[in-house]
Amino acid sequence: MAAHVHYFFFGVYPYIALAVFLFGSLARFEREQYTWKSDSSQMLKRGALRWGSNLFHIGIIALFFTHLFGLLTPPAVYHALGLSTGFKQMLAVVVGAVLGVVCLAGLLILIYRRLSEPRLVATSRFSDWLTLFWILIVLSLGLLSIFTSAKHEDGALMLLLGEWAQRIVTFRAGAADVVAGVPWVYQWHMVLGMTLFLIFPFTRLVHVWSGFASLGYLGRAWQLVRSR
């Protein structure tokens, strides 16, 4: 990757994606509140919706928060808890693999369900397909990166990724330089993952903002949609 392209994607693009994510969500809530929903398709086809939806939401919510805390926690914090860098990376690999498989299973169920029902195909918008398959690509790259992580047992690679994320959120220079030598699978996972935040305000994903409703999926009663 050319130096200027690398600098853009890892030094500038994160701020573009986050700005669109925040201000785009705010604009949509202000202007199009009636579109602020997940558009349940239960009425068109129940099928495996319960299994697919629950596995997907549990997996992706847990992955989001483990990525968030894993990347933004300074080494001094987990060292103070008695965890070595190598052990933390091994823990991240194991937990990430389990959660990734759970999320992938749910996502594949949802994709198959949508593709196998003509009424769902007819009522699905471009943004629905974009969201499903974009998450599938990002998730697949994340699972693929596990094999690379397993070859770096000292945790040095994890330190670089954490340093990049911490420099981004604290507006420190040099973030792009930190990940210049990171394997391609991580770089693509990061760029496509950031792009999810970019497309977020223009898809059904905005319903996650509703009181951080994503956490409610873990314990709320099943939503039943009845036809008249």
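UniProt positions are given here in the numbering used for this structure, with feature names shortened, and its annotations may be inferred rather than shown by experiment. What you have open is a predicted model, where local features need pLDDT of at least 70, side-chain atom pairs count only at pLDDT 80 or more, and totals for chains, interfaces and linings use all residues. Residues are numbered from 1 along each chain as its sequence is written, and side-chain values use heavy atoms, leaving out hydrogens and water.

Start with the whole protein chain in cartoon view. You'll find 9 helices and 0 strands (DSSP runs numbered from the N terminus: helices are H or I with at least four residues, strands are E with at least two). Of its 228 residues, 39% count as buried, meaning under 20% relative accessible area with a 1.4 Å probe, protein chains only; exposed is over 50%, and partly exposed is in between.

Next, select residues 6–27, one of the spans that the unreviewed UniProt entry calls "transmembrane region". That stretch is 100% helix, and its end C-alpha atoms sit 30 Å apart. Now hop to 132–150, another span on the UniProt list: here the chain is 95% helix, with 28 Å between the end C-alpha atoms.

Then pick helix α4, residues 85–116, and find V95 on it. Is V95 buried or partly exposed? It's partly exposed, because its relative accessible area is 32%.
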